[in-house]
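This report concerns the pairing of charged side chains. The sequence and the structure are shown first.

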Amino acid sequence: MEGKTADDGQEQQHQISSLLTPYKMGNFQLSHRIVLAPLTRQRSYNNIPQPHAILYYSQRATEGGFLLSEATGISDTAQGYPYTPGIWTKEQVEAWKPIVDAVHAKGAIFFCQIWHCGRVSNTGFQPNGQAPISSTDKEITPQIRANGVDVARFSPPRRLKTNEISQIVNDFKLAARNAIEAGFDGIELHGAHGYLIEQFLKDQANDRTDQYGGSLENRCRFALEIVDAVSNEIGAYRVGIRLSPFADYMECGDSNPKALGLYMAEAINKYELLYCHMVEPRMKTVIVKTECPHSLVPMRKAFKGTFIVAGGYDREDGNKAVAENRADLVAYGRHFLANPDLPKRFKINAPLNEYNRETFYAPDPVVGYTDYPFLEDIA
């Protein structure tokens, strides 16, 4: 205790409790600031959400908690991974309803993250074995999968024609409408991690010469047309967007990520989006956390709604981000997967279960999914 002052103690106490303080996000009253990040788990057979997801999501739901669903396909061309859910058919919408109901029964708020993988796909996932669609016809080189062993191979994509883009925008709009029909409280647009929206946003992937390519304004046009369409369909107060301007995932980097992040943060203000969810610059890829001179603070200051951060956060780090006003909410992925009672553990500073990366994407309905123990189950 030597050398500490009362002020130090107060500051420390403030940081310890920051994640557990209430927060009003638009019309939604949250009891804490710990968000379940969107986590692809590849357990939706035939692209249909399964009954075992009822347990998975309800385990992680708390009164006044905020949960994001795994990335959910907007159409039959959106898929890039096996066993991922969709929300473009009536059957999929019906399958989501009991999952959403179970989360709501626990008093939590639940948003559906919707996506299109674009060129992060291959012909095996596409209707009639057609080429995946993208902003470009540049193919992604084979990538080592998250398990560090398997190699993912991607088919050469087909560059969308200018007059086809409005159809994709409409697919996002219909998926948002379907999400509300399924009972979700809102949607998050997946504009991060190298998928279709980011394939337009970033100059490493976007080599177009029409009004959707070239300048920063043109490259952001597709994303903002989707924001506009979805906001008009379900209300901007139910819409968020996830962005990763600094990431370089699936060969989708940008030559000026700070300018891109700032432009998007300012542009979405015009639509009065509920929140902006950004991935920390230190996460150059989805898994690897690095030392980085960049910060999300300029985007945080530019955006007028709720600002959510994600990317390698632990308890101390998250408390500090909220205490220092660098974020309103903090999204947790791997820790929340392995600790279904994460808010409780953070509150009492209990030890965390370790996550097992080998079972992240196993199609098993229990192992690595709903079998992580709660505190009271640990002898």
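In this predicted model, the count comes to 15 salt bridges, a salt bridge being a side-chain nitrogen of Lys or Arg within 4 Å of a carboxyl oxygen of Asp or Glu. Residues are numbered from 1 along each chain as its sequence is written, and side-chain values use heavy atoms, with hydrogens and water left out. Local features of the predicted model need pLDDT of at least 70, side-chain atom pairs count only at pLDDT 80 or more, and totals for chains, interfaces and linings use all residues.

Three of these pairs are listed below.

| Pair | N to O distance |
|---|---|
| E94 and K97 | 2.9 Å |
| R158 and E164 | 2.9 Å |
| D328 and R300 | 2.9 Å |

E94 and K97 both belong to helix α3 (residues 90-105), where three residues, about one turn of the helix, separate them; helices are DSSP runs of H or I with at least four residues, strands are runs of E with at least two, and both are numbered from the N terminus. E94 is partly exposed, at a relative accessible area of 35%, and K97 is partly exposed at 24%. Here buried means under 20% relative accessible area, exposed over 50%, and partly exposed in between (1.4 Å probe, protein chains only).

In the second pair, R158 is partly exposed at 32%, and E164 is partly exposed at 22%.

D328 forms its salt bridge with R300. This pair links distant parts of the chain, 28 residues apart: D328 lies in the loop between α9 (315-323) and β15 (329-332), and R300 in helix α8 (residues 297-302). Both D328 and R300 are buried.

Salt bridges with shared partners also join K90, E94, K97 and E181 into one network.
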